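Good morning, and thank you for making time for this presentation.

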Protein chains: 2
Amino acid sequence: MSVVETFDAMWAELAEIGRGPSGGYRRFAWTPEDRQLREWFAGECARRGLDLTEDRMGNQWAWWGDPDAALAAGSSGVAIGSHLDSVPDGGAYDGPLGVVSALAVVDALREQGVTPARPLAVVSFVDEEGARFGVACAGSRVVTGAMSPERALGLTDEDGVSMAEALRAAGRDPAGIGPDPQTLRRVGAFVELHVEQGRGLVDLGVPVAVASDIWPHGRWRFDFPGEANHAGTTRLEDRRDAMLGYADLVLSARHAATRTGCVATVGKVAVEPGGVNAIASRVTGWLDSRGPDADAVRATVAELTERAGDFGATVTQESWTPATPFDPALSDRLRSVLASDAALSVPVLGTGAGHDAGILATAGIPAAMLFVRNPTGVSHSPAEHAERADCHAGVAALTRCVADLVQGPA
Amino acid sequence: MSVVETFDAMWAELAEIGRGPSGGYRRFAWTPEDRQLREWFAGECARRGLDLTEDRMGNQWAWWGDPDAALAAGSSGVAIGSHLDSVPDGGAYDGPLGVVSALAVVDALREQGVTPARPLAVVSFVDEEGARFGVACAGSRVVTGAMSPERALGLTDEDGVSMAEALRAAGRDPAGIGPDPQTLRRVGAFVELHVEQGRGLVDLGVPVAVASDIWPHGRWRFDFPGEANHAGTTRLEDRRDAMLGYADLVLSARHAATRTGCVATVGKVAVEPGGVNAIASRVTGWLDSRGPDADAVRATVAELTERAGDFGATVTQESWTPATPFDPALSDRLRSVLASDAALSVPVLGTGAGHDAGILATAGIPAAMLFVRNPTGVSHSPAEHAERADCHAGVAALTRCVADLVQGPA
């Protein structure tokens with residue numbers, strides 16, 4: 001089979017795993033679907049004769065060549081890949097496109113007769129979306145030390161199951177998780193290919209871009225207090241209805257973001273007691289805010305926090321990631337390689353989405369990203385899409401970049 | 001034991017069933033907690049030598065005397081009682097106070113040596129709150145024919161379990177449910193004692209009231225459409241965020257109700273996909289609205305429906321109950337009996353809460369209610385309360401009313 005045929009076959013296989021009635025995916029960390037994905041990945045690596053290893057968080061690294069020998073010789077490895085998990089009712093491309101493309105790159109290099117001077121890994125990170133335990137990039141955060149194992153193990157899902165319990169249920173030892181400098185030392189360069197999650201490329205009419213940076217972004221929990229009471233018999237003036245403050249937050253977040261040039265979203269809410277005929281005694285809303293300018297994001301959240309204070313809310317920052325520039329030298333190198341094809345204009349785009357590549361960059365590992373055109377900009381949705389020709393163009397672009405990296409200087 | 005001691009003992013026993021960590025109750029229809037409550041009721045009836053029967057919906061009727069013999073003799077029975085189920089995290093009093101008081105009335109009548117000329121039933125209605133399947137007063141609605149068995153059996157709970165499946169799981173035959181005129185014909189008068197769910201009595205400084213009517217009330221489901229997308233990468237101008245329309249509904253409902261003299265509440269919401277980093281593709285909010293004037297309630301909902309239409313929402317009326325006056329002759333009779341005690345001022349109060357007594361009244365059965373003072377007006381909450389002395393006053397008042405009904409003319 002050609003590289004393109006192999007890509008298409010992998011894509012078709014993967015499409016079946018964890019798909020719901022809407023066509024969207026529910027692929028959450030340490031679930032049966034996750035196990036199926038891990039086994040699928042292991043099978044593809046075995047088929048290519050790659051040496052599959054797991055780091056101390058269960059991220060899967062499949063090596064072509066010996067990274068420790070390279071280290072001993074003063075060189076280092078190159079890693080490519082992404083993640084296979086999804087948000088609730090997510091699309092097929094966010095994550096899997098990078099993993100499948102990375103596997104196809106191995107095939108393409110071999111078809112082209114490239115013998116890597118540096119070892120090459122295909123990596124599949126676990127729990128990138130944080131859909132189950134609430135913290136995105138949990139896999140890369142733990143191995144880089146950005147999140148302590150104690151915090152990770154104590155995170156709970158909607159059913160109150162802790163990550164520690166989920167790991168045990170998946171047959172893993174929670175005590176084993178933690179920072180893994182030994183694994184990360186092997187990686188002299190990491191390149192993550194990802195479907196674009198905005199309209200940058202489609203508006204430019206170009207299939208592939210190099211990433212410049214990840215916007216500063218964070219999550220905040222707003223807890224609005226109220227008093228449970230009967231919806232039919234309690235006078236309006238006697239009510240303390242937690243839903244009112246929540247509704248104000250939703251609308252204020254949109255207004256504030258419009259003014260500050262950020263984005264701000266409330267996509268998740270929990271209500272107690274949650275009965276049709278009961279006034280809400282507690283409403284928790286989660287705010288996601290990001291933007292090119294960290295001060296503007298901070299100002300947006302500060303304004304919303306003050307306003308929510310009028311409703312008695314307490315606000316908890318659940319995560320905050322400053323602006324993350326990708327490695328300039330690595331990014332420039334990718335761009336020069338791609339720009340040497342006269343047919344290809346290669347824009348450089350920032351993004352509001354977090355990625356494992358950003359976590360690795362923050363940990364000091366040279367990291368870069370390629371984006372593949374998204375014809376609608378829609379992501380985190382069953383409607384997320386990339387044209388097949390653009391996926392193939394992404395594989396070709398990543399192949400050229402990796403050929404340069406594994407044959408050139410570290 | 002005295003009547004008061006028996007009341008207190010029953011109250012203490014019941015307090016243990018279905019209580020959660022907050023002190024609130026989760027007593028939903030056809031659950032293990034519900035079964036415990038049914039068995040507790042059956043035990044109390046057996047202890048008093050009452051003949052326990054069930055109607056075609058599983059409502060429990062315990063007779064002192066033979067109602068069919070009374071019918072044959074041209075008379076009819078008197079029924080007193082309420083329900084034992086609760087809203088999510090509900091209080092101890094809403095429902096159980098009426099059942100426990102009714103059982104205590106049997107004790108009091110016997111202590112006073114009253115021999116009823118008319119048979120007396122203590123009744124415990126099933127599924128009054130509709131907490132599990134969404135329709136309040138399901139038990140009385142089905143036996144009176146106000147809700148068809150087909151509709152009832154097809155209702156589903158949050159886990160997608162239908163009432164038919166829940167009945168089967170509880171060891172019952174779903175095919176058996178339906179209107180039960182034979183049971184209802186026995187009831188010449190129904191009196192439901194209930195904790196007040198507002199501040200009418202506490203503001204008047206009086207322990208017991210007679211009800212005048214139940215406000216017209218209904219439930220409407222608002223479905224707001226959106227488009228799932230990435231919360232970080234989707235420009236504000238490209239978004240279709242279903243949460244915005246929902247938030248507007250919450251705030252508009254409060255504003256509209258303030259103007260129209262109704263109450264309007266959004267206490268329940270469901271969001272898809274519900275991820276922190278995903279724009280909502282669908283938000284469903286449930287509106288509860290009531291008021292003394294049906295036209296004002298209708299106008300409130302019409303205004304909100306039109307406004308939600310601007311957000312593309314579809315609005316579905318899930319229930320509508322017109323104003324329900326209680327039986328004037330029966331209510332007057334209760335008031336005269338109580339007013340003959342010079343120490344007792346007996347106000348007449350309307351209420352925004354639905355009750356089985358209202359369903360029976362609508363079905364043409366002479367029905368009335370007594371309210372017992374609620375010191376804060378709080379209901380549908382763990383903080384719901386009635387002073388013990390007021391509970392005992394309620395038993396005494398109901399005893400006097402029932403003594404008159406069962407000894408006087410039908």
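Let me start with a cut-off: I shall speak of contact when heavy atoms lie within 4.5 Å. Please also keep in mind that this is a predicted model.

I turn to one helix of chain B. Against which elements do the buried residues of α11(B) pack? Their partners in chain B are β7 (217–225), α10 (242–260), β11 (282–290) and β12 (314–321). The helix itself covers residues 294–309, and its 16 residues reach 22 Å from first C-alpha to last, close to the 22 Å expected at 1.5 Å a residue. Its buried residues are B:A296, B:V297, B:T300, B:V301, B:L304 and B:A308. They lie on the same side of α11(B), because the arc they cover around the axis is only 130°. On the face turned away from that buried side we find the exposed residues B:D295 and B:E306.

Next, the interface. In chain B, 60 residues are in contact with 60 residues of chain A. The two chains bury about 5000 Å² between them, and 61% of this is on carbon and sulfur atoms. Of the area that chain B buries against chain A, B:L236, B:R254 and B:V276 supply 14%, more than any other three residues. On the side of chain B that touches chain A, the largest share, 10 residues, comes from α10(B).

Let me now move to charged pairs. Over all chains the count comes to 42 salt bridges. In chain A, A:R388 pairs with A:D8, with the closest N and O atoms 2.9 Å apart. A:R388 is partly exposed at 32% relative accessibility, and A:D8 is partly exposed at 25%.

In chain B, are B:R48 and B:D107 buried or exposed? Both are buried, and their side chains meet in a salt bridge at 2.8 Å, N to O. A further salt bridge joins B:D390 and B:R373, at 2.7 Å between the closest N and O atoms. B:D390 belongs to helix α14 of chain B and B:R373 to the loop between β15 (367–372) and α14, 17 residues apart. These two residues are buried as well.

Finally, in chain A, a network of salt bridges links A:E44, A:R47, A:R48 and A:D107. Thank you for your attention.

Technical notes. Residues numbered from 1 in each chain as written. Chains lettered and ligands numbered in written order. Predicted model: local features only at pLDDT ≥ 70, side-chain atom pairs only at ≥ 80, totals over all residues. Heavy atoms only, no water. Helix = DSSP H or I, 4+ residues; strand = E, 2+ residues; numbered from the N terminus. Expected span 1.5 Å × (residues − 1). Buried < 20%, exposed > 50% of the residue type's maximum accessible area, 1.4 Å probe, protein only. Arc of directions from axis to C-beta. Buried area = accessible area lost by both parts, 1.4 Å probe. Salt bridge = Lys/Arg side-chain N within 4 Å of Asp/Glu carboxyl O.
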